[in-house]
Structure formats: C-alpha cells, structure tokens
Amino acid sequence: MRQCEESYQRSVIIFDIWYLLSTEEIDRISNPENTMIYPIRKFLLDKIKTFQIKRYIQLALYENEKLAFICAIYVYLKQEQFLKEKLAENEEMAVNFQALKNFGGKSLRPYFDAKYIEVENYPQQLALLQSTILKELQEIVIEFEQSLHNLYEQAITEASEIYEAVFGLINDWGGRVT
C-alpha cells in the first residue's frame, strides 16, 4: 500500500512540474488553500519556476507536451536525487521527512478538511512538522542553490537529448526540424 501511495505522490509532483514547464500561467498550487496544505511541494515548485531554462528549450516546452513531460520526469528525478543526498547528510531532517510520510494517505488535504477539523483539532502536529521541514529545506537550498540549479540544467539537457534521439531536433516552436 505504501508503494502505491508513493507512486501516486510521484505522479502528482511530476504532473505539477509538467504543468509548470508547459504553461506560462500561474501554477496550479499557488492558491492560499493549496499553499497551506502543500507548503513543501509549493516551495520546490517555486525553485523550479525560478530556474532559467535556455530560451529555445523554454519556448519549445510551451508548444511540445512530449518534451515538457520528459523534462518533468528528469527534473523530478534530479530533485529527488538532491533531496536524498541532503537527507543522507542530515539525520534530523531525514527523521522529519519520515514522520511526514507517516501521515500517509494519497493527499494531505483530508487533514485540513472541515469534517476532520470538526472531529479533531486543527492538525497542529502536521502543520508544525511541515513548517520545520520547510525551514530546513530552505536553509539547504540556499546553501546548495548552485548545485540544485546544476542538477536542473543537467535534467533539461538529458531530457532534451532523449527527446531529440527519439523525435528529432528541438526548435523554438516545439516542432520537429526535418
């Protein structure tokens, strides 16, 4: 069951990254309710949003959903690699991330649902845990921001190479160069 939940979470995050890369609109998670429920996910998406992608690839991402999806998967994998490395170096943060996973379920939204709040008090433990992780994550990202940006750049480059190997060259209108 845990593996299914992790797979679901992975797919949601990859979808968020794909949406962020493939549209110029404000991201889906930016409304206040989602920001409150998913502050860590929002923080990580904001880091991706501020990353400067080469212009011709950025333009192609807006026009080419396949390229955007491949890039989303690679960016997710590199971000996960970064987080796993940092968690291995920081035992307290690793414990906090594990505690957050223990809240389980496919979504944290039910913990903030009005029905849940009527039965239980506001999920203070969850909110405190998210706040603690977010502060730790902010410190790590500030300290290793260049490393994270290098990983994002590497992800976009690798994804672009895979795309070009399968579908042809990328151009700035997202089509195929023949």
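Of the 178 residues in the chain, 44% are buried, a term that stands for under 20% relative accessible area with a 1.4 Å probe and protein chains only. The model is a predicted one, in which local features need pLDDT of at least 70 and side-chain atom pairs count only at pLDDT 80 or more, while totals for chains, interfaces and linings use all residues. Residues are numbered from 1 along each chain as its sequence is written, and side-chain values use heavy atoms, with hydrogens and water left out.

The secondary structure consists of 10 helices and 2 strands, these being DSSP runs of H or I with at least four residues and of E with at least two, numbered from the N terminus. Read from the N terminus, the order of elements is α-α-α-α-α-α-α-α-α-α-β-β. Among contacts with a separation of 6 or more, 74% join residues 24 or more positions apart, where contact means heavy atoms within 4.5 Å.

Helix H6 (residues 91-101) and helix H9 (residues 124-143) have axes that come within 10 Å and cross at roughly 140 degrees. Residues of H6 including Met93, Phe97 and Leu100 meet a set in H9 that includes Leu129, Ile133 and Leu137. By class, this contact of H6 with H9 has 9 nonpolar, 3 polar and 2 charged residues.

Elsewhere, helix H10 (residues 145-167) contains Ser160, which is buried, with a relative accessible area of 6%. Leaving aside residues up to four places away in sequence, Ser160 touches Ile57, Leu67 and Ile170.

Notes: Axes are lines fitted to C-alpha atoms, for helices over the stretch in contact, and angles run from 0 to 180 degrees between N-to-C directions. Ala, Val, Leu, Ile, Met, Phe, Trp, Tyr, Cys and Pro count as nonpolar, Asp, Glu, Lys and Arg as charged, and the others, Gly among them, as polar. Buried means under 20% relative accessible area, exposed over 50%, partly exposed in between (1.4 Å probe, protein chains only).
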